[in-house]
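Here is a short report on one model. It goes from single residues to the ligand sites and then to a pocket.

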Amino acid sequence: MREIVIKNQADLVDYLLGKDDSGLFEWARAVRDKTIGDRVYLRGLIEFSNRCRKDCLYCGIRCSNPNPMRYELDEQSVLRAAEYAMEHNYGSVVLQAGEQTGSLFVDKIVRCVRGVKELSGGKLGITISLGEQTRQTYELWKEAGAHRYLLRIESSNRVLYEKIHPASGHDYATRLGCIDVLREVGFQVGTGVMIGLPGQRAQDLASDLEFLKAQDIDMCGMGPYIEHPDAPLGASEWPLEERFALALRMIALLRILMPSINIASTTALHALDPKGREKGIAAGANILMPNITPDNLRPEYKLYNNKPMSDIDLTGFNVDYGQWGDSPHFLSRK
Ligand code: SAH
Ligand code: SF4
């Protein structure tokens, strides 16, 4: 096996553009296996609500899209989904939704987090992905028992960020600030980007990787941009196969740059290739997020087109069941 050495941004760009795929994935896997092992950890994904106050130009549940039927799970449904995760020995759940604020919402999340902790006797780990919030809200959710938070920067290039978000209510500096606050509050912090956006260059993706490294993140979720018919951002000039290949190379390169973080093999990979999540793991990822949202609501939580509705077939994955699988990077820093 040949060692892959990344000296500078030009090397990253070369690999991103497909200079040496086979050697790249083999080395990324080896780095993962040597540093954190070859096991995969599960997070049952609960799509809590598609209500959202934001209007991101790429997203199917943006507030100005009239088409999705808006829903929000009640606490009972969240707890039932968590029970499912317990019964299937998943180890962790993720509470994800559009961005909402207000004390009713904040307190409901507190009750859900506490409820999940109680019903599982503290056994289920809890990740939250509920957008930009105040420090106080982040603290409340942390105290309630959540310990990881996912907030993607979407693109670390401020100009591109501003192209894919409307000016009102969306601000690059605010999003970045939230990542800092989450870290200060004590969460394991995950961020990530979309890959193959309109106007995004390989150099931008290389800078994204450098950004993730400089942020010293604990976890990463990133995946290909996929057009949604109701979202105005529209078509990317990157062909879908190329976006998929880029996403795998991003995973592999990040694994080499940050050997001990958690990297998710995301649903958007699966949307482009029936074996997408397997290929993400083979490229160096170590986290899978099976969807455990109640079946009847899944069609309403369409962030992008062609989003898979079915669960992952877990046979063939080397799963470490019933474990939190916290980021070894976070644990070693503590
Ligand atoms: N509202 C929260 C969490 C839900 S959205 C937030 O925005 O942080 C979760 C992720 O879905 C976003 O971070 C974005 O990266 C991804 N997403 C949204 N629309 C997408 C699209 N069209 N293609 C690919 N990923 C998309
Ligand atoms: Fe809302 Fe998140 Fe979609 Fe933006 S990406 S519109 S914040 S759900």
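## A lysine in a helix

Is Lys-108 buried or exposed? Lys-108 is buried, because its relative accessible area is 14% and the cut-off for buried is under 20%. The model is a predicted one.

Lys-108 sits in helix α4, which covers residues 103-119. Which residue is 33 positions away from Lys-108 in sequence but 7.6 Å away in space? That residue is Glu-75, with the distance taken from C-alpha to C-alpha.

Lys-34 gives another case. This residue lies in helix α2, residues 21-35. Lys-34 counts as exposed because its relative accessible area is 72%, and exposed means over 50%. Along the chain, 226 residues separate Lys-34 from Ser-260. In space their C-alpha atoms are 9.7 Å apart.

His-147 belongs to the loop that joins α5 (135-144) to β5 (148-150). With a relative accessible area of 11%, His-147 is buried. Its C-alpha atom is 27 Å from that of Ala-28.

## The site of ligand 1

Which residues come nearest to ligand 1? There are 17 residues around this ligand, and the nearest are Tyr-58, Ala-97, Arg-152, Glu-154 and Ile-226. By class, the shell has 10 nonpolar, three polar and four charged residues.

Polar atoms of the protein face ligand 1 at several points. Glu-154 places a polar side-chain atom 2.6 Å from an oxygen atom of ligand 1. The side chain of Arg-175 has an N or O atom 3.0 Å from a ligand 1 oxygen. Ile-226 takes part through its backbone: a polar atom there is 2.7 Å from a nitrogen atom of ligand 1. How much of ligand 1 does the protein bury? The ligand taken alone exposes 540 Å², and the protein buries 92% of that.

## The site of ligand 2

Ligand 2 has its own set of residues. They are Cys-52, Lys-54, Cys-56, Tyr-58, Cys-59, Ile-61, Arg-62 and Gly-98. In this shell, five residues are nonpolar, one is polar and two are charged.

## The largest pocket and Thr-293

Rolling a probe the size of a water molecule over the atoms shows where empty space is left. The largest pocket holds about 180 Å³ of space. Its lining consists of Leu-73, Ser-77, Arg-80, Ala-81, Tyr-84, Ile-292, Thr-293, Pro-294, Asp-295, Leu-297, Arg-298 and Asp-311. The lining divides into six nonpolar, two polar and four charged residues.

Thr-293, one of the lining residues, is in the loop between β11 (287-288) and α12 (328-333). Thr-293 counts as buried because its relative accessibility is 1%. Which side chain does the side chain of Thr-293 contact? The partner is Asn-291, in a polar contact of 2.7 Å between the two side chains.

## A buried glutamine in a loop

Gln-200 lies in the loop running from β7 (194-195) to α8 (202-214). Its relative accessible area is 2%, so Gln-200 is buried.

## Two positive phi angles

Most residues other than glycine have a negative phi. Asn-89 has a positive phi, near 60°. Asn-89 is in the loop between α3 (75-87) and β3 (92-97). Its relative accessibility is 40%, so Asn-89 counts as partly exposed.

Asp-216 also has a positive phi, near 55°. Asp-216 lies in the loop between α8 and β8 (219-220). At 29% relative accessibility, Asp-216 is partly exposed.

How values were computed: Residues numbered from 1 in each chain as written. Chains lettered and ligands numbered in written order. Predicted model: local features only at pLDDT ≥ 70, side-chain atom pairs only at ≥ 80, totals over all residues. Heavy atoms only, no water. Near = heavy atom within 4 Å. Polar contact = N/O pair within 3.5 Å; in protein donor to acceptor, adjacent residues only side chain to side chain. Areas by Shrake-Rupley, 256 points an atom, 1.4 Å probe, with all protein chains shown as cover. Nonpolar A, V, L, I, M, F, W, Y, C, P; charged D, E, K, R; others polar. 1 Å grid on protein atoms, 1.4 Å probe; cavity = no way out; pocket = protein on both sides within 12 Å on 5 of 7 lines; lining within 4 Å. Points joined across faces, edges and corners; volume = space filled by probe spheres on them. Helix = DSSP H or I, 4+ residues; strand = E, 2+ residues; numbered from the N terminus. Buried < 20%, exposed > 50% of the residue type's maximum accessible area, 1.4 Å probe, protein only.
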